[in-house]
Amino acid sequence: MPVIVDKIADALHLQSHKSTFDSNVTVIFVLGGPGAGKGTQCARLVEDFAFCHLSAGDLLRAEQHREGSEYGQLIQTCIKEGTIVPMEVTVKLLEKAMTATLEEHKSGDGWADSRGRFLIDGFPRKMDQAEMFEHDVGKATAVLFFSTTQEVMLERLLERGKTSGREDDNVESIKKRFNTYKDQTMPVIKHYEKLGKVIEIDSSVSIEEVHQKTKSAVANLLSGSTA
Ligand code: ADP
Ligand code: AMP
């Protein structure tokens with residue numbers, strides 16, 4: 001909208017609600033069960049397309065350990081119990097990280113002229129955070145959904161647990177994470193499916209095979225979007 005029209009609309013209170021980022025910023029949500037391979041594939045997509053990869057789980061773990069954080073204890077409990085950290089915390093952390101990245105003026109495809117492209121990994125895990133993000137922060141272009149069986153995810157998480165040092169890569173926490181995923185996150189995926197925004201990729205096969213399929217789907221997506 002031209003600036004003058006914007007100002008008039010503001011003055012007349014005709015302006016619809018404005019989120020922090022506009023259509024210059026491409027946002028792809030990345031979902032799938034715990035251990036489905038989201039982080040692994042996001043790392044590849046960063047190489048392919050110059051995305052900024054923001055993992056909600058990583059941001060929460062960093063906040064948990066940040067000196068002086070008022071949320072440290074809350075986040076630790078949620079992670080161990082496999083439950084959802086309240087949306088006010090998670091959405092704010094993501095918004096802050098996106099703003100900081102845009103202020104860095106990254107170079108590479110999709111980053112010229114205040115544009116940007118983000119992979120938001122492990123988010124939204126619950127309907128309320130999807131709504132809050134899309135209302136306050138920005139619209140999602142698409143959802144990448146990595147799907148596989150619980151058996152595959154369990155095996156991968158237990159293997160990862162041997163070296164990850166994560167407090168939630170153990171059988172007890174994993175079971176709780178699976179339940180949260182089924183009860184809270186699947187409805188989010190169904191919601192975006194109804195909007196025709198979900199790209200489902202079978203992540204049961206090798207990292208390389210999943211990567212090839214994902215890369216080609218994302219190339220198609222970006223060729224039809226602004227950033
Ligand atoms: P998520 O981010 O979805 O929790 P990760 O990307 O961390 O999952 O993957 C979980 C574990 O499984 C990691 O140890 C990773 O190396 C491994 N992994 C990921 N994708 C595959 C795959 N396609 N085949 C085999 N192992 C995989
Ligand atoms: P992850 O690193 O994606 O496996 O997430 C680890 C844990 O962090 C989850 O089990 C949740 O407790 C918390 N978490 C990750 N993403 C979110 C999110 N989008 N909203 C709330 N909590 C989250």
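**Entry 1: helix H5**

I began with burial in H5: Val89, Thr90, Val91, Leu93, Leu94, Glu95, Ala97, Met98, Thr101 and Leu102 are buried. I take buried as under 20% relative accessible area, exposed as over 50% and partly exposed as in between, with a 1.4 Å probe and protein chains only. The model is predicted, so I note the limits: local features need pLDDT of at least 70, side-chain atom pairs count only at pLDDT 80 or more, and totals for chains, interfaces and linings use all residues. Residues are numbered from 1 along each chain as its sequence is written, chains are lettered from A and ligands numbered from 1 in the order in which they are written, and side-chain values use heavy atoms, without hydrogens and water.

I then looked up the extent of H5. Helix H5 covers residues 87-104, 18 residues, and spans 26 Å from its first C-alpha to its last. That is close to the 26 Å expected at 1.5 Å a residue. The expected span is 1.5 Å times one less than the number of residues. Helices are DSSP runs of H or I with at least four residues, strands are runs of E with at least two, and both are numbered from the N terminus.

What do the buried residues of H5 pack against? I find strand S1 (25-32), strand S2 (52-55), H3, H4, strand S3 (116-121) and helix H6 (127-136). Contact here means heavy atoms within 4.5 Å. Just after H5, I note a positive phi of about 55° at His105.

**Entry 2: H5 against H6**

I checked the angle between H5 and H6: about 40°, with the axes 10 Å apart. Axes are lines fitted to C-alpha atoms, for helices over the stretch in contact, and angles run from 0 to 180 degrees between N-to-C directions. The crossing of H5 with H6 is right-handed. The near helix is turned clockwise from the far one by less than a right angle in a right-handed crossing, anticlockwise in a left-handed one.

On the H5 side I list Met87, Glu88, Thr90, Val91, Glu95 and Met98. They meet Asp128, Gln129, Met132, Phe133 and Asp136 of H6. By class, this contact has 5 nonpolar, 2 polar and 4 charged residues. Ala, Val, Leu, Ile, Met, Phe, Trp, Tyr, Cys and Pro count as nonpolar; Asp, Glu, Lys and Arg count as charged; the others, Gly among them, count as polar.

**Entry 3: Met98**

I stayed in H5 for Met98. Met98 counts as buried because its relative accessibility is 1%. Setting aside neighbours within four places in sequence, I find Met98 in contact with Phe21, Val25, Val27, Leu54, Phe118, Ile120, Phe133 and Val137. Its C-alpha is 8.0 Å from that of Phe118, 20 residues apart along the chain.

The axes of H3 and H5 come within 10 Å and cross at roughly 100°. That makes H3 roughly perpendicular to H5. The cut-offs are under 35 degrees for roughly parallel, over 145 for roughly antiparallel, 65 to 115 for roughly perpendicular, and the rest for oblique. H3 gives Ala56, Leu59, Leu60 and Glu63 to the contact, and H5 gives Val89, Thr90, Leu93, Leu94 and Ala97. I read the classes as 7 nonpolar, 1 polar and 1 charged.

I turned to H3 (residues 56-65) and H4 (residues 72-81): their axes come within 8 Å and cross at roughly 135°. H3 and H4 are therefore oblique to each other. Their crossing is left-handed. Leu60, Arg61, Glu63 and Gln64 of H3 make the contact with Gly72, Ile75, Gln76 and Ile79 of H4. This contact has 3 nonpolar, 3 polar and 2 charged residues.

**Entry 4: Ala56**

Beyond four places in sequence, I see Ala56 touch Thr90, Asp121, Gly122 and Phe123.

**Entry 5: loops**

I found a cis peptide bond from Phe123 to Pro124, with omega near -5°. Pro124 sits in the loop between S3 and H6. Ala50 is not a glycine but has a positive phi of about 60°. I place Ala50 in the loop between helix H2 (38-49) and S2. Asp113, also not a glycine, has a positive phi of about 50°. Asp113 lies in the loop between H5 and S3 and is exposed, with a relative accessible area of 66%.
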